Amino acid sequence: MNRAFISLYFFIVASVVLIGWGLNQFWENLAPEQQPTAEVVALLQLIEQDLLSQQPQPNDGYAQRAQQIAAHLAVDLELLSLDDVAQSAALQQLHAGEILASRSDSHIIWYQRLAQTDQVMMLMLPLGDESGAPLYRLLLILFYLAIALVIYIWVWPLSRDSKKLELQTRTLGKDGVPDTLKISPASTLYPLAQAFNHMAQRLRELIASHREMTNAVSHELRTPLARMKFALALLDEQQLDEKNRRQLRSVEQDVAEMEALISALLMYAGFEQKTQQLQQTPGHMMDMLAEIGARFHRHNERQLQLEIIDKTQGQEFSCEWKLMETVLQNLINNAARYATHTIRVELTQTAIHYCIAVEDDGPGIAAEQRDKVFESFVRLYGESTSNTATGGFGLGLAIVKRIMQWHHGGAVFVDPQTLSGARAEIRWQK
């Protein structure tokens, strides 16, 4: 802040001084030479005639009479020696009886030799208002335009670097963080750019560490789990009594849950890093829900009823279909864990949104906990009534939230409308 203020202050002050001096010199060179008006000529002639008619003493008489005339006419009038006011060409002009002029800030001074004497009349008159002169107006406009140009020259690098910074914060690099911001060390935003680059580097390190961890989960844990599944399969072929077989089934279930947890973690990590490019295409949502419903009924051990209601009259939806299948599968599986008899899926559309609601007749979710359930590893109930793997670890709804954000939409739990349990609604822009 101090650096920018000092730089701008001295830049503007120096520019105003230089521009003002340059235009003033230009004005003095181009301004037309002041010519005496008829009124000035007549006034000088009257003063000359009055002074000469009095036939005063050579030394003091002219000066005394000049003071009397100045007082009578309310003007500034003095008599000077010819040698005091004239040099070279000006001396010749005064000897020839010409009228000369000079300027001060507020007056114009007229010089004329008093005939047949070595005295020069010096008449000072107020300078008239010349602000209306075309050349003066043009130079005034040029002055303000020059100041505006100077300020623009100072602001332009700042604006350029600000746009670079804004673009980098909006555009993610290939590794999920903004690329290195390159700004000149002379820029006012250079310290901010350095801090931004340091933050970006730290983000790269964190994401790389996160990616290494997920890869370790994928390779290091899946391998022993595969060996365990193979060993359990060999044991299953052995002749075991009922007690040992129940224990074997329990171990197999634990291994399956661990494998499902690893898959959910890897999927959630992928959505967190946003490593895929979203490809939305139009299609019929009822076709995909029919496939999901068929899979649901094949594993529907509790004989739950799945109702699918299309209120769009068969209109098309546009989305990333594989991801949307994951969303609906997780919402239906989450509803199945707590539903008593029925799960209801409703398809609707508005002028600007696609909407899907999944409602169940279970215990529902308290209003103050509806936002919390979309967080990672959050489960409202410690026990579940089903062994559905997806969503059984508190990641299913977190994945739903990430996918809907990726679709520039959202997921919320609202009050039930048809059944008495929880109602989840997702919507995204058309």
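User: Which residues touch the most other members in the largest nonpolar core?
Analyst: In this predicted model, the largest nonpolar core has 41 residues, and M285, M324, I343, I356, I426 and W428 touch the most other members.

User: Which elements give two or more residues to this core?
Analyst: The helices are helix 9 (285–298), helix 10 (321–338) and helix 11. The strands are strand 7 (317–319), strand 8 (342–349), strand 9, strand 10 and strand 11.

User: And where does the largest share come from?
Analyst: From helix 10, which gives 9 residues.

User: Back to I343. What is it in contact with, leaving aside neighbours within four places in sequence?
Analyst: I343 is in contact with F296, L304, Q305, L306, E307, I332, A335, A336, V358 and E359.

User: What does a second, separate core include?
Analyst: That core has 18 residues, among them L44, Y62, A66 and V75.

User: Switching to rings. How many aromatic pairs are there in the whole structure?
Analyst: A search finds 5. One of these involves Y354 and W428: their rings are 5.4 Å centre to centre, with 40° between the planes, and the pair is tilted.

User: Where in the chain do Y354 and W428 sit?
Analyst: Y354 is in strand 9 (residues 353–360) and W428 is in strand 11 (residues 423–429). They are 74 residues apart, and the pair links distant parts of the chain.

User: Are those two buried or exposed?
Analyst: Y354 and W428 are both buried. Ring pairs also link them with F317 into a cluster.

User: Why is the F374 and F413 pair tilted?
Analyst: The planes of the two rings are at 40°, with centres 5.4 Å apart, so the pair counts as tilted. Planes under 30 degrees apart would count as stacked, and over 60 as edge-to-face.

User: Where are F374 and F413?
Analyst: F374 is in the loop between strand 9 and helix 11 (396–406), while F413 is in strand 10 (residues 409–414).

User: Why do F374 and F413 count as buried?
Analyst: The cut-off for buried is under 20% relative accessible area. F374 has 6%, so it is buried, and F413 has 9%, so it is buried too.

User: Helix 11 came up there. How many of its residues are buried?
Analyst: 8 of its 11 residues are buried, and the helix is mostly covered. The buried ones are G396, L397, A398, I399, V400, I403, M404 and W406.

User: What follows helix 11?
Analyst: H408 follows, with a positive phi near 60°.

User: Last one, cysteines. How many disulfides does a search of the whole structure find?
Analyst: The search finds 0. C319 counts as buried at 0% relative accessibility, and C355 counts as buried at 6%.

Technical notes: Residues are numbered from 1 along each chain as its sequence is written. This is a predicted model: local features need pLDDT of at least 70, side-chain atom pairs count only at pLDDT 80 or more; totals for chains, interfaces and linings use all residues. Side-chain values use heavy atoms; hydrogens and water are left out. Rings of Phe, Tyr and Trp (its six-membered ring) pair if their centres lie within 6.5 Å; planes under 30 degrees apart count as stacked, over 60 as edge-to-face and the rest as tilted. Helices (H or I, at least four residues) and strands (E, at least two) are DSSP runs, numbered from the N terminus. Buried means under 20% relative accessible area, exposed over 50%, partly exposed in between (1.4 Å probe, protein chains only). A nonpolar core is a set of buried Ala, Val, Leu, Ile, Met, Phe, Trp, Tyr and Cys residues joined through side-chain atoms within 4.5 Å. Contact means heavy atoms within 4.5 Å. A disulfide is a pair of cysteine sulfur atoms within 2.5 Å.
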